[in-house]
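Student: I have a model open and want to learn how to read it. Where do I start?

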Amino acid sequence: HDEVNHLPVPESEAALLYALPAAVTSLRNRLNSEQFEFYPVIAGLLQDVAHVSDHNRVLCAYDGNFVHVVASEGGALRMAVSYPVADFETACYYLFAVMREVMFNPGLTTLRYYGPLSENRETLLKRYFSGVQRCEL
């Protein structure tokens with residue numbers, strides 16, 4: 001069975017609820033070790049967003065299978081979501097859906113992007129955002 005866990009996010013006065021797939025929990029149990037902690041990608045984004053000084057903060061990670069987006073306004077977490085996606089275009093759809101939901105103007109927002117990003121895709125994102133900053137988790 002999948003295992004449901006939580007991770008406090010004190011900077012945002014929130015908690016992240018997430019499920020570990022049964023395969024991951026089985027591997028951890030076979031290793032018989034509590035030293036292995038598995039966190040979703042979005043957990044790293046939630047940690048990083050507290051260190052961004054912009055008023056409107058948008059962090060996005062895309063790995064080819066999922067897009068993870070965190071949006072924060074000032075010190076308040078506005079949204080943190082993950083979606084399964086088939087391609088970069090679908091990832092962009094969800095990124096802009098988050099921007100619309102939290103009512104951020106992309107033209108006034110620097111996107112922090114985690115993951116591989118070709119020059120063409122970066123140029124595309126720069127058409128909409130005031131800047132694109134490549135980041136690493």
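Predicted model: local features only at pLDDT ≥ 70, side-chain atom pairs only at ≥ 80, totals over all residues.

Student: What is the general idea behind a charge pair?

Tutor: Side chains of opposite charge can pair when their charged atoms come close. Here the count comes to four salt bridges.

Student: Which residue does R112 meet in a salt bridge?

Tutor: The partner is D54, with N to O at 2.7 Å. This pair links distant parts of the chain, 58 residues apart. R112 sits in strand 6 (residues 110–114). D54 sits in the loop between helix 2 (41–49) and strand 3 (56–62).

Student: Is R112 buried or exposed?

Tutor: Buried counts as under 20% relative accessible area. R112 has 10% relative accessibility, so R112 is buried. D54 has a relative accessible area of 25%, so D54 is partly exposed.

Student: Where do E122 and K126 lie?

Tutor: Both are in helix 4 (residues 119–128). They are four residues apart, about one turn of the helix.

Student: How accessible is E122, and how accessible is K126?

Tutor: E122 has 14% relative accessibility, so E122 counts as buried. K126 is partly exposed, with a relative accessible area of 44%.

Student: With which other residue does E122 form a salt bridge?

Tutor: With R134; the closest N and O atoms are 2.5 Å apart. R134 belongs to strand 7 (residues 131–135) and E122 to helix 4, so the pair ties together parts that are twelve residues apart in sequence. R134 is partly exposed, at 45% relative accessibility.

Student: Which residues do the shared partners join into one network?

Tutor: E122, K126 and R134.

Student: Now the helices. At what angle do helix 3 and helix 4 pack?

Tutor: Helix 3 covers residues 88–102. The angle between helix 3 and helix 4 is about 20°, and their axes are 13 Å apart.

Student: Why are helix 3 and helix 4 called roughly parallel?

Tutor: Angles under 35 degrees count as roughly parallel. At about 20°, helix 3 and helix 4 are therefore roughly parallel to each other. The crossing of helix 3 with helix 4 is right-handed.

Student: Which residues in helix 3 meet helix 4?

Tutor: From helix 3, they are F88, C92, L95 and F96. From helix 4, they meet R121, L124, L125 and Y128. By class, this contact has seven nonpolar residues, no polar ones and one charged residue.

Student: Which residues of helix 2 are buried?

Tutor: They are I42, A43, G44, L45, L46 and V49.

Student: Which strands do the buried residues of helix 2 pack against?

Tutor: Strand 1 (3–9), strand 2 (14–20), strand 3, strand 4 (66–73), strand 5 (76–84) and strand 6.

Terms used: Residues numbered from 1 in each chain as written. Heavy atoms only, no water. Salt bridge = Lys/Arg side-chain N within 4 Å of Asp/Glu carboxyl O. Helix = DSSP H or I, 4+ residues; strand = E, 2+ residues; numbered from the N terminus. Buried < 20%, exposed > 50% of the residue type's maximum accessible area, 1.4 Å probe, protein only. Axes fitted to C-alpha atoms, helices over the stretch in contact; angles between N-to-C directions. Parallel < 35°, antiparallel > 145°, perpendicular 65-115°, else oblique. Left-handed = near helix turned anticlockwise from the far one by under 90°. Contact = heavy atoms within 4.5 Å. Nonpolar A, V, L, I, M, F, W, Y, C, P; charged D, E, K, R; others polar.
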